[in-house]
Amino acid sequence: MKEFCSEYATVKLLEQESVVFLQWKKPAYLENYRQPTSFALQLLQEHPGTDFVVDARNGFEDDARDVEWGFRYLLPEMSKTSCRFVCFILNQVNAIESEMDMWTLEFGKYFGVTRAESLEQAIASIRNYIFADVRYVIKDGMREEFVSRLTEETIIEASRQEPGNARYEVSLPVSSINEVCITEFWMNVEAQKR
């Protein structure tokens with residue numbers, strides 16, 4: 001099955017666009033919130049290479065139990081999929097803006113995140129993203145100093161604050177004591193070139 005439909009939400013796989021699309025119809029919480037989001041997760045697991053678009057224009061209930069479930073279960077499980085980008089569809093002025101800021105920050109720990117005003121705009125923004133995965137090989141015993149310099153010189157934070165940067169993460173592979181990986185997501189080529 002590639003589609004879920006309830007009075008609260010519709011979830012479907014848009015195969016041609018390689019997108020799992022979750023559209024909220026009205027506020028939902030507990031099982032009415034978790035069923036559609038779990039189905040979206042299942043589609044992401046079953047269809048490698050798909051990204052995630054959430055139409056939140058009709059809102060959703062931000063019950064504390066659902067937030068905890070989302071942070072502890074949903075997002076860590078989504079991060080195990082090949083999904084790289086998430087886009088939230090919102091109106092210009094939205095009553096759930098602060099809730100969406102919270103979710104955007106949390107999703108941003110795992111994915112490149114953007115916002116749009118329509119499904120077409122969301123798909124276009126995902127397709128224009130630039131993903132860079134850079135691997136540095138550092139001299140023996142110098143990896144910690146390299147990472148410290150990135151932090152001390154505020155390179156990491158400055159990169160995250162650049163217009164058009166959706167994600168900038170530094171990781172240390174356990175398989176090599178001499179490597180540092182930097183993962184960057186940029187909204188488009190122009191943003192990456194700045």
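Lys 80 is exposed, with 63% relative accessible area (exposed means over 50%, buried under 20%, and partly exposed in between, using a 1.4 Å probe and protein chains only). The side chain of Lys 80 also meets that of Glu 77 in a salt bridge, with N and O 2.8 Å apart. Welcome to this predicted model, in which local features need pLDDT of at least 70 and side-chain atom pairs count only at pLDDT 80 or more, while totals for chains, interfaces and linings use all residues. Residues are numbered from 1 along each chain as its sequence is written, and side-chain values use heavy atoms, leaving out hydrogens and water.

**Overall build**

- The protein's secondary structure comprises seven helices and nine strands (both are DSSP runs numbered from the N terminus: H or I of at least four residues for helices, E of at least two for strands).
- The protein has 194 residues, and 47% of them count as buried.
- Among contacts in the protein with a separation of 6 or more, 70% are between residues 24 or more positions apart (a contact means heavy atoms within 4.5 Å).

**Salt bridges**

- Side chains of opposite charge can pair when their charged atoms come close.
- Searching the whole structure turns up 10 salt bridges (a side-chain nitrogen of Lys or Arg within 4 Å of a carboxyl oxygen of Asp or Glu).
- One of them joins the side chains of Glu 15 and Lys 2, at 2.9 Å from N to O.
- Glu 15 sits in the loop between strand S2 (9-14) and strand S3 (19-24), and Lys 2 in the segment before strand S1 (3-5), so this pair ties together parts 13 residues apart in sequence.
- Lys 2 itself is partly exposed, at 39% relative accessibility.
- Another salt bridge links Arg 135 with Glu 179, whose closest N and O atoms are 2.8 Å apart.
- Because Arg 135 belongs to strand S7 (residues 130-137) and Glu 179 to strand S9 (residues 179-186), the pair ties together parts that are 44 residues apart in sequence.
- Arg 135 is exposed, with a relative accessible area of 51%.

**Cysteines**

- The structure has zero disulfides (a disulfide is a pair of cysteine sulfur atoms within 2.5 Å).
- Cys 87 is buried, at 0% relative accessibility.
- Cys 181 is buried, at 5% relative accessibility.
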